[in-house]
Amino acid sequence: MDAKVLQKNLLELIRRTSAELPSDVVRAIEAGARKEAAGSNAKYAFDVIRENIGMAKVKSQPLCQDTGTIIVYAELPSWCDEKTFRKAYEKATAEATKVGYLRQNSVDAITGANSGDNLGPGSPSFHFHQASGKALTVRMMLKGGGCENVSTQYSLPDARLGAGRDLEGVRRCILDSALQAQGKGCGPGILGVCVGGDRGTGYIAAKETLFREMDDVNEDPRLAKLEKRILKEANSLGVGPMGFGGATTLMGVKITHRNRVPASFFVSVAYMCWAFRRNGFVLSEGGRITRWLYPS
Amino acid sequence: MLLEAPFTEEKIRALHVGDLVEITGVIFTGRDAVHKYLHDGGKPPVDLKDSIIYHCGPVVVKENGKWVVKAAGPTTSAREEPYQGPLMEQYGIRAVIGKGGMGPKTLQYCQKVGGVYLHAIGGAAQVLAERVVAVKGVHLAEKFGSPEAIWEFQVDRFPAVVTMDSHGQSLHAQVLAESTEKFKSLLG
């Protein structure tokens, strides 16, 4: 495939991800809005959120000004090597920044200088895998700083929470993370959780689990049960959208697990804000998008 | 209710937690870099007397030689907690727009100097950008980069909720206390 065609398709992916909220997320927001009392601050927050979703799509402009960390997962077929993909994605990113689909969001951690084009060490954040077939599959997520800052990691046992090394301990940690995030993470939020792993793989898996559909059910019945329980309990906390108080504190909990070493037991929580921007496509070798993974 | 410039102490002291306000006038963006800079003794490039500071790192691009605001929602305010109160007192900042609320120190200063915290809806970058009718100037952009610069926005009926007032009330403190109680009962 011509590198320019790849780049053009990636630019469209970035535009859609930044401006259009996937329909599974919109449905969850609508369901949350219905639960809030008329005239409440919570209802007002939902009204503005819903208006904003429509406006961003129509104007083809960022849903949220914090266009976040650009997280990219690419399954590369034999016709597209890593270097080619990276170069095309970087060019698309610089172009997207120039036209305002993305904010200038990449800052040198040592000097504080903004690169101005979203490029630099670790940005975008690429994750490459080999594709089993002939198609190129790309998934991306824009994760804002507000929600990333309230993401957190627990090491069990945790005396403060009375959390031991079992699913009850895991439940306590996840509920605590929802309590601590109040207001700051642009709720109602969605939690991606990984039980186990090391500190690095735990956080990565927690974020990856956010690629699940909002209304799916965990294949592991133990985790499905835990997800349902925590969602209900977190919403009984009364934190509400924006921390204004209300019925919808969380819209989803997605839990996965990784094996751990005997000495470690981490619970990693990736908090995602309501502006849950993720999308992806399947691209044929001929340069045609055959499927959008999270239609708006 | 309408909150129109000039943002006097009298107007600010009349606001209470729960009030929905619509702001008209000039507001200044300022976030992490600006707050640290002012706290470290940097000179403000604009007059902050009776001003409103907006915790916001907007997306602004130049089109045909003119600044166009593409997205402009609030950022999390809690990070400015160490700086905000003293800066409100030193420069006469009357109101802070942000999201997520601020802590007891800022609340204390709101009481002392006649200040208020206005909560905009986080993530609502389009609804809020729509209320920015003109970009009047930009300062410190070279030094801090576009999202961290001080942007002078002329706003028209910019919506926010009063969540901390000059009478010692904070919606955030209240929700935190109530949800913490509930959390304790869930843990048993």
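## Sheets of chain A

Strand β1 (residues 69–76) of chain A runs parallel to β2(A), and six bridges join the two. In this predicted model, local features need pLDDT of at least 70 and side-chain atom pairs count only at pLDDT 80 or more, while totals for chains, interfaces and linings use all residues; side-chain values use heavy atoms, with hydrogens and water left out. Residues are numbered from 1 along each chain as its sequence is written, and chains are lettered from A and ligands numbered from 1 in the order in which they are written. Strands (E, at least two residues) and helices (H or I, at least four) are DSSP runs numbered from the N terminus, and two strands pair if DSSP finds at least two bridges between them.

An open sheet of five strands in chain A has the order β2-β1-β3-β8-β9, and its pairing is mixed. Its edge strands, each pairing on one side only, are β2 (125–130) and β9 (289–292) of chain A. From one strand to the next the twist averages 15°, where axes are lines fitted to C-alpha atoms (for helices over the stretch in contact) and angles run from 0 to 180 degrees between N-to-C directions. Another open sheet in chain A, also of mixed pairing, consists of four strands in the order β4-β7-β5-β6. Here the edges are β4 (152–155) and β6 (250–258) of chain A, each of which pairs on one side only. Four bridges connect β4(A) with strand β7 (residues 266–272) of chain A in the antiparallel sense, and Ser155(A) stands opposite Phe266(A) in β7(A).

## Interface of chains A and B

Contact, defined as heavy atoms within 4.5 Å, involves 44 residues of chain A and 42 residues of chain B. The area buried between the two chains is about 3600 Å², with carbon and sulfur atoms giving 63%; buried area is the accessible area (1.4 Å probe) that two parts lose on being put together, summed over both. In chain A, the residues that lose the most area to chain B are Tyr44(A), Gln65(A) and Phe244(A), together 18% of what that side buries.

The rule finds one salt bridge across this interface, a term that requires a side-chain nitrogen of Lys or Arg within 4 Å of a carboxyl oxygen of Asp or Glu. The side chains of Lys59(A) and Glu130(B) meet in a salt bridge at 2.7 Å, N to O. On the side of chain A that touches chain B, α3 (41–59), α4 (82–99), α5 (145–149) and α6 (167–180) each supply at least two residues. The largest share of that side, ten residues, comes from α3(A).

## Backbone features

Most residues other than glycine have a negative phi, and most peptide bonds are trans. In chain A, a cis peptide bond with omega of about -5° joins Ser123(A) and Pro124(A); Pro124(A) has its place in the loop between α4 and β2 of chain A. The peptide bond from Gly187(A) to Pro188(A) is also cis, with omega near 5°, and Pro188(A) is found in the loop between α6 and β5 (189–196) of chain A.

In chain B, Asn64(B) is not a glycine, yet has a positive phi of about 50°. Asn64(B) is found in the loop between β4 (59–63) and β5 (66–71) of chain B.
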